Amino acid sequence: MQRPFRRFARNAAGRDFVVGDIHGMFPALRQLLAGVAFDEDCDRLFSVGDLIDRGPRSREALEWLAKPWFHAVRGNHEQFLLDSDDRPTRELWIGYNGGGWWLECGPAEREAFREACAALPIAIEIDATQGRVGIVHADAPRSNSWSEFLSRLESRDERAVEHALWSRERISAGRSGHVTGVDLVFCGHTPTTRIVEAANVRFIDTGAVYHRQFPDARLTMVEIEPGWCRAVSVSTSGQGVMSGSE
Ligand SMILES: [Mn+2]
């Protein structure tokens, strides 16, 4: 069943991390997790969404979404998948937004993906030791407090969902506007060369999948508990040409 947002209690046992847009670059994610000695028994990994498309291993997203310690919000690319019964959307997705891998999937795999993506919340809130942390794919509306935004999601406000999945307003226009009612918000969606700090919003998509265009493309992960914004990243240069197994 679709949940507009999901709250997570404090992780008393382990650490919490949030990772930028993966877009099928799962080998880089594994590298990042190995680098911090990620402990599947007690650590948690949150994702700003866009696990699929453009990169080489979108089909692996299903395995990741099934892991009990991995929690993602929905990105606009997961929304493409969910809306792909609509022909113009499907053509836009597969033709121009990296959804070609979908053509390789059989009916059972497609159904499993639809279920997994439909279950992704639009926003996540985490109770961390040093404050309340929000996660949303593109941005939260600048005119709303965090709780107003969550209320709009709860009432299935389509404009709020659209903003959450697609907006580049804050990052492209002055980067202003503190999101009140929450201490820190993590977003992805807009690739940048390094983490962008805009008031209390952190944009952490460092363009991992664009390694052909940008030699400094990286996948970035930030520790939020207990490290509070300690970032680690790994270069994705050369990773797009890896074969299906390693
Ligand atoms: Mn996106």
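Tutor: Let's begin with burial. Buried means under 20% relative accessible area, exposed over 50%, and partly exposed in between, using a 1.4 Å probe and protein chains only. Here Asp 50 is buried, and Asn 76 is buried too. Before we go on: this is a predicted model, where local features need pLDDT of at least 70, side-chain atom pairs count only at pLDDT 80 or more, and totals for chains, interfaces and linings use all residues. Residues are numbered from 1 along each chain as its sequence is written, and side-chain values use heavy atoms, with hydrogens and water left out.

Student: Which protein donors does the manganese ion have?

Tutor: Donors are N, O and S atoms within 2.8 Å of the metal (3.2 Å for Na, K and Ca); water is not among the atoms, so sites may look incomplete. In this model the manganese ion has Asp 50 (OD), Asn 76 (OD1), His 137 (NE2) and His 189 (ND1), at 2.1 to 2.3 Å. Their spacing along the sequence reads D-x25-N-x60-H-x51-H. Asp 50 sits in the loop between strand S3 (44-47) and helix H2 (61-65), while Asn 76 belongs to helix H3 (residues 76-82), so this pair ties together parts that are 26 residues apart in sequence.

Student: Where do those helix and strand labels come from?

Tutor: They are DSSP runs numbered from the N terminus: helices are H or I with at least four residues, strands are E with at least two.

Student: How do I read aromatic pairs?

Tutor: Take the rings of Phe, Tyr and Trp (its six-membered ring): they pair if their centres lie within 6.5 Å, and planes under 30 degrees apart count as stacked, over 60 as edge-to-face and the rest as tilted. That rule gives 13 aromatic pairs here. For Phe 17 and Phe 38, the ring centres are 6.0 Å apart and the planes are at 50°, so the pair is tilted. Phe 17 lies in strand S2 (residues 16-19) and Phe 38 in the loop between helix H1 (26-35) and S3, so the pair ties together parts 21 residues apart in sequence.

Student: What about Phe 80 and Trp 166?

Tutor: They make an edge-to-face pair, 5.6 Å centre to centre with 85° between the planes. Phe 80 is in helix H3 and Trp 166 in helix H7 (residues 158-166), so the pair ties together parts that are 86 residues apart in sequence. Phe 80 counts as buried at 6% relative accessibility, whereas Trp 166 is partly exposed at 35%.

Student: Which residues of the largest nonpolar core touch the most other members?

Tutor: A nonpolar core is a set of buried Ala, Val, Leu, Ile, Met, Phe, Trp, Tyr and Cys residues joined through side-chain atoms within 4.5 Å. The largest one has 36 residues, and Leu 29, Leu 45, Leu 51, Phe 70 and Leu 219 touch the most other members. Among the elements giving two or more residues to this core are S2, H2 and H5, but H1 gives the most, with five. A second, separate core has 21 residues, including Phe 149 and Val 196.

Student: And what does Phe 70 touch?

Tutor: Contact means heavy atoms within 4.5 Å. Not counting residues up to four places away in sequence, Phe 70 touches Ile 22, Leu 29, Leu 45, Ser 47, Leu 51, Trp 64 and Leu 65. Phe 70 is also in one aromatic cluster with Phe 17, Phe 26, Phe 38, Trp 64 and Trp 69.
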